[in-house]
Structures are given as structure tokens and as C-alpha cells.
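Have the viewer open as you read.

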Amino acid sequence: MTILGIGVDLVHVPRIAALLSRRRSEKFASKILSPEEYLQWLPSEPSHQIQFLAVRWCVKEAAYKAMYPTVRPTWKEITYRGLSSLGQKPCLVYHPVLSENRSKIGQTHVSVSHDGEYVFSTVFIEGTKILNSR
């Protein structure tokens with residue numbers, strides 16, 4: 001396994017709450033969430049919506065750092081799926097708009113921790129055989 005990149009990020013949740021107080025939360029959410037994430041975010045309680053957005057912001061920032069400069073993903077090209085009720089680990093799904101970017105990103109690994117007012121995430125991206133052969 002070759003590691004393409006490692007990214008980390010730390011988010012102060014009150015910063016996200018302050019952003020949401022200055023603009024419509026729907027507008028902010030639609031900017032940074034993938035369609036799948038947006039559908040999960042919509043019906044949740046306002047207090048949970050802030051934490052949901054903070055986690056996604058943190059994970060996507062870390063993912064960008066891990067993928068750059070091989071690819072430059074947009075917010076909506078990355079979907080974070082948290083721990084499932086079936087016990088599946090959290091995961092990151094990359095669905096690039098440009099088809100040529102699919103072959104540039106291998107398996108993704110994500111870890112998220114939240115404690116009080118902070119969210120921390122780490123993302124590891126594996127290289128692909130195509131990139132490794134160059």
C-alpha cells in the first residue's frame with residue numbers, strides 16, 4: 001500500500017455556529033454538503049445540524065489536504081458516512097465530477113473525534129496502481 005496523502009483538520013464548533021448565524025443555514029449546508037449528506041441534514045434538529053456541519057467541514061478539509069495536489073476535490077464530491085447502525089466504520093466516498101480523477105484516488109480511511117466544542121479528523125488516502133506505476 002502506498003499512501004497518497006494524509007490530511008488532518010480541527011474545527012471549533014462555535015465558529016460554525018457563528019457562520020450559520022450570519023447566513024441562512026440552508027445556503028451554507030447546500031454549499032458544503034453532498035446531495036446525500038444534505039438529505040440527512042435537513043430533518044435534523046438545529047443543535048444537531050451545527051454538529052453535523054462541523055463534522056463534514058472538518059472531514060472534507062482533511063480529505064482535501066490528503067488528496068491535493070493529485071486532485072482538487074470540491075465540497076460536493078466528498079461524502080462522509082458516519083458510524084452506521086450496522087456497526088460499519090465511518091467512511092469517505094469520493095465521487096468526482098471529472099471521470100479521469102476516479103483512477104487517481106485509492107481507498108480512503110477516515111477517523112473523526114469530537115469533544116465538547118471541537119471536532120478533529122484524520123484522512124488517509126491510498127495511492128492507486130496507476131499512480132504507483134509512474
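Which helices do the buried residues of α2 pack against?

## Helix α2 and its neighbours

They pack against α1, α3 (35-41) and α4, where contact means heavy atoms within 4.5 Å. Helices here are DSSP runs of H or I with at least four residues, strands are E runs of at least two, and both are numbered from the N terminus.

On α2 (residues 25-32), the buried residues are S25, F28, A29 and I32; buried means under 20% relative accessible area, with a 1.4 Å probe and protein chains only. They sit on the same side of α2 because they cover an arc of only 95° around the axis, taking directions from the helix axis to the C-beta atoms.

Before going on, a word on the source: this is a predicted model, so local features need pLDDT of at least 70 and side-chain atom pairs count only at pLDDT 80 or more, while totals for chains, interfaces and linings use all residues. Residues are numbered from 1 along each chain as its sequence is written, and side-chain values use heavy atoms, leaving out hydrogens and water.

## The sheet

Three strands make an open, antiparallel sheet in the order β1-β5-β4; strands pair if DSSP finds at least two bridges between them. At the edges are β1 (3-12) and β4 (108-115), each pairing on one side only.

β4 pairs with β5 (residues 118-126) over eight bridges, and S111 stands opposite T122 in β5.

## Helices across the sheet

Helix α1 (residues 13-22) lies across β1 and β5, at about 70° to β1. Helix α4 (residues 46-67) lies across β1, β4 and β5, at about 150° to β1. Angles run from 0 to 180 degrees between N-to-C directions, with axes fitted to C-alpha atoms, for helices over the stretch in contact.

Definitions and conventions
Buried means under 20% relative accessible area, exposed over 50%, partly exposed in between (1.4 Å probe, protein chains only).
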